[in-house]
Amino acid sequence: MTGSPGTAQPWEWLQSEAVSIVSDAAAAGVTLRVVGSAGIRLHCPGPGPVMDRLGRPAKDIDFVVPQQHRKAMRRFLEARGYVIDRDLLVAMEGRRYSFTHPGHGTDVDVFVERLEFCHTIEVSDRLDAHPVTIGIEELLLQKVQIIEMTMTDVIDSGVLLATHDVSGAGGAGNAGAGPPGDCPEAIDGGRIARLLARDWGFHHTATRNLWRVRDGAGDAATDFGPAANTRVRERAAKLLDVIDAEPKNARWRLRDRVGERKQWWQDVDDKEATY
């Protein structure tokens, strides 16, 4: 497989490369987990067919790495033929790395311990939630934390809800026998609610975006299919109910009084916002 930098490879090839990188890195003592749209596809079999139906390809591979594995991760990827973006390395001060393979043109971004965008998602204690990707809750949160969601972000969020049930405040568990294409793992609504109850700004952005996903299911660009559209609307509404019911502390309630009169998100540039 050859190509110029930035060349979009077929998903089957990207899938093989992503899984191989995670596996080979583990053998070398480096923990890597896939995030972004590739992570959504790789988490379980359900999302792929829905994303294909909507024309939502994965164009690159993004990972997260523990802080203590940064240097070994860089050596590992460079030994694999990937070339580091030194300008981004300096600009991000070691919090994010970007690589391109000159042979097949694949772009790889690596985040260190957390996903820092409009809001910050800590994942360092969740890298054992899945053998290849970050946890399903973080896969959803990484999409609904975006201040100005693109249509692909709305699609990705809807795909997760179309293929995963939502548990209540009691926590995660097996979703049981669901419709065709559903994954057995439920999104832990209680975990998401507890995280958002500590951060008014993240809560405000995420709930606003979940309403957008809920109300947009079935539109021309986000038509997941009749049954799947219903699942997206019902599950988004269920998650919103769980988030709303979670008790909020005094600091959260005080920030709520200020509302949108004060900026509630972190600014990110185009490179930081792409994943």
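Tutor: Buried means under 20% relative accessible area, exposed over 50%, and partly exposed in between, with a 1.4 Å probe and protein chains only. This is a predicted model, in which local features need pLDDT of at least 70, side-chain atom pairs count only at pLDDT 80 or more, and totals for chains, interfaces and linings use all residues. Residues are numbered from 1 along each chain as its sequence is written, and side-chain values use heavy atoms, with hydrogens and water left out.

Student: Is P247 buried or exposed?

Tutor: P247 sits in the loop between α10 (226-245) and α11 (250-258); helices (H or I, at least four residues) and strands (E, at least two) are DSSP runs, numbered from the N terminus. Its relative accessibility is 63%, so P247 counts as exposed.

Student: How many residues apart in sequence are the parts that the pair C44 and C183 ties together?

Tutor: A disulfide is a pair of cysteine sulfur atoms within 2.5 Å, and the sulfur atoms of C44 and C183 are 1.9 Å apart. C44 lies in the loop between α2 (36-43) and α3 (47-53), and C183 in the loop between β8 (166-167) and β9 (187-188), so the parts tied together are separated in sequence by 139 residues.

Student: What is the handedness of the link of C44 and C183?

Tutor: Both C44 and C183 are buried. The angle about the S-S bond is 75°, and the link of C44 and C183 is right-handed.

Student: Which residue in β5 stands opposite F63?

Tutor: Strand β2 (residues 61-65) pairs with strand β5 (residues 107-112) in the parallel sense, over five bridges. Opposite F63 stands V110.

Student: How many charged residues are in the lining of the second largest pocket?

Tutor: On a 1 Å grid over the protein atoms alone, a pocket is an open set of points with protein on both sides within 12 Å along at least five of seven lines, and lining residues have an atom within 4 Å of a point. Among the residues lining the second largest pocket are E122, D125, R191 and F202. Asp, Glu, Lys and Arg count as charged, Ala, Val, Leu, Ile, Met, Phe, Trp, Tyr, Cys and Pro as nonpolar, and the others, Gly among them, as polar. By class, the lining has five nonpolar residues, one polar and, as charged residues, six.

How values were computed:
Two strands pair if DSSP finds at least two bridges between them. On a 1 Å grid over the protein atoms alone, a cavity is a set of points where a 1.4 Å probe fits but cannot get out, and a pocket is an open set with protein on both sides within 12 Å along at least five of seven lines; lining residues have an atom within 4 Å of a point.
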